[in-house]
Structures are given as structure tokens and as C-alpha cells.
Amino acid sequence: MSETAFAMTDGRVSFDGKPVLRGIDLTVCPGEVVALLGANGSGKSTLVRALLGLTPLSGGTTLVYGSPPGKFRDWWRIGYVPQRLHVGGGVPATVREVVASGRIARQSRLRRTSPADRAAVAHALEAVRLADRANDPVQSLSGGQQQRVLIARALAGEPDTYVMDEPTAGVDAGTQQLLADTLAGLVLDGKTVVLVAHELGPLEPIITRGVVIREGRVAHDGRPPRPEGDCARPGHEHQHPHAAAPAAGPLTGWQGDAS
Ligand SMILES: Nc1ncnc2c1ncn2[C@@H]1O[C@H](COP(=O)(O)OP(=O)(O)OP(=O)(O)O)[C@@H](O)[C@H]1O
């Protein structure tokens, strides 16, 4: 089996005939910490979902550890933190239950929860500092705390590769630093990380590679570019296209050389 986490070649996605990804070539190797950057609506989330096979390609190919997503069986190797803050759906679930669901891909159909499962869940809850909320309904938590639950769910699965769609969106500075410290530990352990970010903030020191997406194409792939302009200022609010008209992102005007 290939140890290349993701390999997309000429990846294309269209929605209602409108091209959103227009020929993406992206390979992610073990131990890389890749930030997908770009303005609102440039296609970052679509790219992440296409890498995971959640959004089908309309052209090109993509492989997860050497297999097309539909044929990939070792999903425990991938820990996905989606962008949406809503967790638990309409079903009342405790924080612990949501985090424990991150172990499912590691469990066989017949095996009951093992001590290793319980230890991994406890460790994940500690890592995001939510152990004291473990028995609370997840809906009773703030948006930022719910984001930490999603991160803990991914941590609990002890995957080889983490895929995080804006893990720091809507979370306070302390939580951003907590996430950065947690990821730094994972990186030291040789884990692979692909994350979507609008502003790197405290994550910047651990990023090994920046991939800037502009209008569905890779505009830069190499050294993480430095943010510039108004959007780089502290306190800048990232806008989502679902909430408002598309806004310029911090890297919109970035024209640096690929390195
Ligand atoms: N399921 C969908 N159906 C139709 N259009 C979609 C769908 N998902 C995304 N789009 C559109 O595709 C484009 C890219 O969206 P995407 O969410 O991938 O961008 P993004 O770079 O992640 O943006 P943001 O930083 O705001 O999250 C946008 O114009 C968006 O409206």
C-alpha cells in the first residue's frame, strides 16, 4: 500500500455545471503539515472533501494511501475534522459519546469497547481540555467547545493523517494555541496534517507547506506565504459565503514566487 496520504491528479469538481476545482495536482507525503489557503469560495473545502471522496470528482483522479476513496478500507488512518460546528445532529449525545465515535473505524464489528479505546477517548478529551464536560450534552457547549469536540473525535481515532477544515474558525485565541500545541505533538510523532486555514495564527510555526487555492486552481505550492493586507490584522472576521457575499481573503493579493 502506498504511504502517500493523498495523490490528486487533475482533480476537477463542478456544481450545477459550474467548475469549482479546475485541475488540481496535489500530493501529500507522510509527515507533511500542509495548509490549504485562499480566499472565501476559492474551493478549499471542496478540495478537502474531494480528497476524502466525500465530493465526487467530475474529472481527474484521487488516491487515499494509494486507493481510490471508494475502494479505500483503512479509514481509521484518516481523522477528519469538518468545518461545520454542529455536532451530534438532532440526537442528544454526550461529549464522550461523540469523541468515542472517533474510534468506530478502528473497531471490528464484533469487538466491544476495549481499555485501549477508553484510554484513547480519555486522552483526547484531556488534550482539548474537555474532560470535565465529558458527560454533558454536546449541544450545551459553545461553538468553540463543539469544535474542540470534533478535534477530540479525530484525535481519539489515532489516525496517521489529520484533515481539518478550518479547525481554528470561531474559536478563541487560547483554543487556537491549544490546537497548535496538540498538532505540534502529533507532528513530532510523524503524523501528517492537511488543514484549511484562513489565517494561520499560532499554527504558523508547524506548517511545512502552503498550498494557495485561487478560483479552483493551485496558485502557489511551497513555502507558506505570509499574510498581507487588512485581513491579516488581528480581529479580522473571516466571512463564509453561506453567511455573506464572498469577501477577499488575506492571501488574495499574494503574488509570491512558488518555492
Ligand atoms: N454542495 C455545493 N453545491 C453547490 N455549490 C457549492 C457546494 N459546495 C461549495 N459550493 C460552491 O463552490 C465554491 C467553493 O466553495 P468552498 O466551500 O470549497 O470554498 P472555500 O475556499 O472552502 O471557502 P470558505 O473559505 O469560505 O470556506 C463556492 O462558490 C461555493 O458556493
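A residue is called buried if 20 or more other C-beta atoms lie within 10 Å of its own, exposed if 12 or fewer, and partly exposed in between, with C-beta atoms placed from the backbone. Residues are numbered from 1 along each chain as its sequence is written. The model is predicted: local features need pLDDT of at least 70, side-chain atom pairs count only at pLDDT 80 or more, and totals for chains, interfaces and linings use all residues.

**View 1. Helix α1 and its buried residues.** Helices (H or I, at least four residues) and strands (E, at least two) are DSSP runs, numbered from the N terminus. Helix α1 covers residues 44–51 and is largely enclosed by the rest of the structure, because 7 of its 8 residues are buried. Those buried residues are Lys44, Ser45, Thr46, Leu47, Val48, Ala50 and Leu51. Just after α1, Gly53 has a positive phi of about 80°.

**View 2. Leu36 and the largest nonpolar core.** A nonpolar core is a set of buried Ala, Val, Leu, Ile, Met, Phe, Trp, Tyr and Cys residues joined through C-beta atoms within 7 Å. The largest has 63 residues, of which Leu36, Val99, Ala124, Val149 and Ala152 touch the most other members. Helix α4 (residues 143–156) gives the most to this core, with 7 residues. Two residues are in contact if their C-beta atoms, placed from the backbone, lie within 7 Å.

**View 3. An open sheet of 3 strands.** The strand order is β2-β1-β4, with antiparallel pairing; two strands pair if DSSP finds at least two bridges between them. Strands β2 (18–28) and β4 (59–64) stand at the edges with a single partner strand each, so one side of each has no neighbour in the sheet. The twist averages 25° from one strand to the next, where axes are lines fitted to C-alpha atoms, for helices over the stretch in contact, and angles run from 0 to 180 degrees between N-to-C directions. Strand β1 (residues 6–15) pairs with β2 over 8 bridges, and Met8 stands opposite Leu26 in β2.

**View 4. Residues 229–259.** Confidence in each residue is given by the predictor as pLDDT, from 0 to 100. Over residues 229–259 pLDDT stays under 50, and the model has 48 contacts beyond four places in sequence for them. Where pLDDT is low, the predicted coordinates should not be read in detail. The protein chain averages a pLDDT of 83.
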